[in-house]
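Open the model in a viewer and keep the sequence panel beside it. The tour goes from one selection to the next and says what is found at each stop.

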Amino acid sequence: MPLDRRTFSTLLATGLTAVFADTVVPRARAVSGDPAAPDTARHDPGDAVNKVAVIGIDGCLYTELLAAVTPNLQRLAAEGTLSRYSLAPHTTISCPSWSAALTGFWDTRTGICDNDGSCRPEVFATYPTVFHRVKTAAPHRRTASVATWDTISTIARTGDPHADVIITAGANRYGTYGCEADVDTATAAATVAEITAGTDLVFTHFDQVDIAGHTLRAANPQAYRDAISRVDVLVGGIVTAVDTRAQTHGERWTVLVTTDHGHKPQGGHGGQTAYETASFVIARGPDLPAGRHHNGFSLIDLTPTVLDLFGLPPVPELDGKSFRTGGSADPSQPVPDTPVIGHPADPATTRLTGLPVPIDTGCVIRTA
């Protein structure tokens with residue numbers, strides 16, 4: 001059965017997160033259009049191979065995540081290490097942040113300060129992506145970028161070599177929240193397919209939380225939390241695929257979750273208030289302590305962490321540091337003060353029914 005926004009109510013109401021993996025894998029294979037070769041062609045099945053799934057949730061505040069229906073994300077945090085930190089003085093805009101995550105260089109180095117003029121492919125010739133570094137040092141490693149926002153695909157396509165699989169799961173011509181939720185579902189489906197096929201590094205980007213922050217948070221704060229709850233279902237499907245793959249193939253999987261910025265109470269970002277600079281990292285894996293709060297992990301540390309987990313040579317000039325060595329942020333920094341806005345719905349009665357924007361005539365879901 002297709003998994004679209006009309007089925008999220010049932011999933012959340014019954015807790016059938018595990019159903020997601022079985023539901024989306026067939027569709028995901030169609031979305032990817034490039035199924036991976038059998039894993040035995042690349043690795044000895046008896047080897048404990050390190051693999052990484054990175055999940056980016058655009059514009060997500062952790063305080064609102066805790067107030068939403070998020071059993072999967074909260075379980076990941078409990079099973080791994082949680083960092084809640086401030087991005088300040090970094091630019092709280094998506095391309096500066098996601099490029100930092102995917103290169104290990106802050107905006108002060110790359111010069112990327114917006115989503116338009118300075119967010120150019122040629123920048124990544126000087127500041128290569130993690131995909132390029134992995135493929136250069138370990139050509140046998142299969143990498144994938146699966147995103148709702150097309151700029152992520154632009155970044156992943158830079159360099160030679162670049163990511164093996166690059167997917168933008170849809171297009172949202174009119175910027176409606178309902179469309180972005182449906183594209184996120186296709187993004188998750190393609191991600192599950194890549195993990196199931198044995199891809200070594202998968203970067204996933206979800207965007208509906210950011211769209212809800214911009215368009216709905218001011219008038220309806222609960223809609224922003226509902227968007228986070230919907231993404232939690234998708235994260236649950238991805239983690240189920242990771243855990244299944246680890247168990248059946250003896251692989252050592254690390255799951256990393258982060259966000260690029262927060263959102264003001266009235267929606268929007270780009271400034272330096274606590275609501276805008278608040279970020280988090282969830283890091284679960286065999287090399288990371290469970291149940292730990294350590295505010296030294298930052299999104300800038302994602303690239304060096306991947307290189308470290310893959311046993312590749314370190315890159316001293318990177319601004320970030322591997323999570324396995326403590327990360328690069330100040331662990332003594334206080335948690336950003338971002339009180340929940342509005343009155344959260346009781347999780348026991350929350351149902352994600354129809355989305356606030358029903359007109360999606362410009363919505364395109366790529367299924368092939």
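The stops below cover strands, a helix, ring contacts and a pocket. Keep in mind throughout that this is a predicted model.

**Stop 1: strand S1**

Select residues 50-57, which form strand S1; eight of its eight residues are buried. Show the side chains and look at the two directions they take. Asn50, Val52, Val54 and Gly56 point one way, while Lys51, Ala53, Ile55 and Ile57 point the other way. Lys51 is buried along with the rest of this set.

Strand S7, residues 252-258, pairs with S1 in the parallel sense over seven bridges. Strand S6, residues 201-206, also runs parallel to S1 and is joined to it by six bridges.

**Stop 2: strand S2**

Move to residues 81-86, strand S2. Five of its six residues are buried, so S2 is largely enclosed by the rest of the structure. Select residues 278-284 next: this is strand S8, which pairs with S2 in the antiparallel sense over six bridges. Within that pairing, Thr81 has Ala283 as its bridge partner. Then select residues 292-293, strand S9, which runs parallel to S2 and is joined to it by two bridges. Here Leu82 stands opposite His293.

**Stop 3: helix H5**

Select residues 94-103. This is helix H5, and 10 of its 10 residues are buried, so the helix is largely enclosed by the rest of the structure. Among the buried residues are Cys95, Pro96, Trp98 and Leu102, together with Ser94, Ser97 and Ser99. Step on to Gly104, which follows H5 and has a positive phi, near 85°.

**Stop 4: rings**

How many aromatic pairs does a search of the whole structure find? It finds four. Select Phe297 and Phe323, whose ring centres are 4.2 Å apart with planes at 20°, so this pair is stacked. Phe297 lies in the loop between S9 and helix H14 (302-309), and Phe323 in the loop between H14 and strand S10 (363-365), so the pair ties together parts that are 26 residues apart in sequence. Colour both by accessibility: Phe297 is buried at a relative accessible area of 0%, and Phe323 counts as buried at 3%.

Two contacts between a charge and a ring come next. Arg141 lies over the face of Phe310, at 4.0 Å from the ring centre.

**Stop 5: the largest pocket**

Finish by turning on a pocket surface. The largest pocket has a volume of about 270 Å³. Which of its 18 lining residues are closest to its centre? They are Thr148, Trp149, Asp150, Glu180 and Asp207.

To see where the lining comes from, select strand S5 (170-172), helix H10 (177-197) and helix H11 (208-215), each of which supplies at least two residues. The largest share, three residues, comes from S5. Colour the lining by residue type to see four nonpolar, eight polar and six charged residues.

Technical notes
Residues numbered from 1 in each chain as written. Predicted model: local features only at pLDDT ≥ 70, side-chain atom pairs only at ≥ 80, totals over all residues. Heavy atoms only, no water. 1 Å grid on protein atoms, 1.4 Å probe; cavity = no way out; pocket = protein on both sides within 12 Å on 5 of 7 lines; lining within 4 Å. Points joined across faces, edges and corners; volume = space filled by probe spheres on them. Helix = DSSP H or I, 4+ residues; strand = E, 2+ residues; numbered from the N terminus. Nonpolar A, V, L, I, M, F, W, Y, C, P; charged D, E, K, R; others polar. Buried < 20%, exposed > 50% of the residue type's maximum accessible area, 1.4 Å probe, protein only. Pairing = 2+ DSSP bridges. Phe/Tyr/Trp six-rings, centres within 6.5 Å; stacked < 30°, edge-to-face > 60°. Lys NZ or Arg CZ within 6 Å of the ring centre and 35° of its normal.
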